[in-house]
Amino acid sequence: MSKKQDGVINDPFLRLTKAQQTLIQLDFEGGHSNKEIAPKIGLKNETTVSHWRKRPWYEPAFNTYASKAIKGKYKSLALRTLIDLLNAKSEMVKLQAATSVLKLSGMLSDNSTPELDEAKARKASAEADIVEWKRNELTGRNDSNDKTTLIDDIGGMRDDGD
């Protein structure tokens, strides 16, 4: 089996009839009623259009087509728009555009922002200080003049020193 034939088998959109593909293309464009679509795809009855949308093949094929169409037609436009937004007047728009560009480049994860990364670093540092304090407490290495106050997990405070 050739790669092209294998691709057709694995591509939910390409497995459809020409009429079904046209339905998906028209739905992706939007703004078409069932009454308008039916004659365009060779159907006499507009209810068949709504029935087709409920079939198990429709959603995977629509998503596959939409993904290809977006990557092919809109990806470069979207990237150019993001770059243009880096020069926006609003600082918030600039930050959001910069964050999006960094996420797309793989430098930030979807659940990461510079502020969140900084907060995570502060938390990790504080947790390391607590672990060190506890280790020193257990081994008796805490300085008797140390005025560190430890807040434990249950919200109580332990004073080391006086």
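1. In which helix does Gln-21 lie? Gln-21 lies in helix 2, where helices (H or I, at least four residues) and strands (E, at least two) are DSSP runs numbered from the N terminus. At 12% relative accessibility, Gln-21 counts as buried; buried means under 20% relative accessible area, exposed over 50%, and partly exposed in between (1.4 Å probe, protein chains only). Leaving out residues up to four places away in sequence, Gln-21 touches Phe-13, Leu-14 and Leu-16, contact being defined as heavy atoms within 4.5 Å.

2. On the basis of the model: this is a predicted model, in which local features need pLDDT of at least 70 and side-chain atom pairs count only at pLDDT 80 or more, while totals for chains, interfaces and linings use all residues. Residues are numbered from 1 along each chain as its sequence is written, and side-chain values use heavy atoms, with hydrogens and water left out.

3. On the overall architecture: the chain has 7 helices and 2 strands, and along the sequence these follow the pattern α-α-α-α-α-α-α-β-β. Of the 162 residues in the chain, 22% are buried. Among contacts with a separation of 6 or more, 30% are accounted for by residues 24 or more positions apart. The accessible surface of the chain comes to about 12000 Å², and carbon and sulfur atoms hold 55% of that surface; accessible areas come from the Shrake-Rupley method with a 1.4 Å probe, and for residues only the protein chains shown count as cover.

4. On helix packing in general: two packed helices are described by the angle between their axes and the distance between the axes. Here, axes are lines fitted to C-alpha atoms, for helices over the stretch in contact, and angles run from 0 to 180 degrees between N-to-C directions.

5. On helix 2 and helix 5: the axes of helix 2 (residues 18–29) and helix 5 come within 10 Å and cross at roughly 60°. Helix 2 is therefore oblique to helix 5; angles under 35 degrees count as roughly parallel, over 145 as roughly antiparallel, 65 to 115 as roughly perpendicular and the rest as oblique. The crossing of helix 2 with helix 5 is right-handed, a crossing being left-handed if the near helix is turned anticlockwise from the far one by less than a right angle, and right-handed if clockwise. Helix 2 contributes Leu-23, Ile-24, Gln-25, Asp-27 and Phe-28 to the contact, and helix 5 contributes Tyr-58, Ala-61, Phe-62, Tyr-65, Ala-66, Ala-69, Ile-70 and Tyr-74. The residues of this contact divide into 11 nonpolar, 1 polar and 1 charged; Ala, Val, Leu, Ile, Met, Phe, Trp, Tyr, Cys and Pro count as nonpolar, Asp, Glu, Lys and Arg as charged, and the others, Gly among them, as polar.

6. On Tyr-65: this residue is found in helix 5 and is buried, with a relative accessible area of 14%. Leaving aside neighbours within four places in sequence, Tyr-65 is in contact with Phe-13, Ile-24, Gln-25, Phe-28 and Lys-73. Tyr-65 and Pro-12 are 53 residues apart in sequence, with 8.7 Å between their C-alpha atoms.

7. On helix 5 and helix 6: the axes of helix 5 (residues 58–85) and helix 6 (residues 91–105) come within 8 Å and cross at roughly 135°, and the two helices are therefore oblique to each other. Their crossing is left-handed. Leu-79, Leu-82, Ile-83 and Leu-85 in helix 5 meet Val-93, Lys-94, Ala-97, Ser-100, Val-101 and Leu-104 in helix 6. These contact residues divide into 8 nonpolar, 1 polar and 1 charged.

8. On Trp-57: this residue is found in the loop between helix 4 (47–53) and helix 5, and counts as buried at 18% relative accessibility. Not counting residues up to four places away in sequence, Trp-57 touches Leu-16, Gln-20, Ile-24 and Trp-52. Trp-57 and Arg-15 are 42 residues apart in sequence and 9.2 Å apart in space, C-alpha to C-alpha.

9. On Thr-48: this residue lies in helix 4 and, at 24% relative accessibility, counts as partly exposed. Thr-48 and Ala-38 are 10 residues apart in sequence, and their C-alpha atoms are 7.8 Å apart in space.
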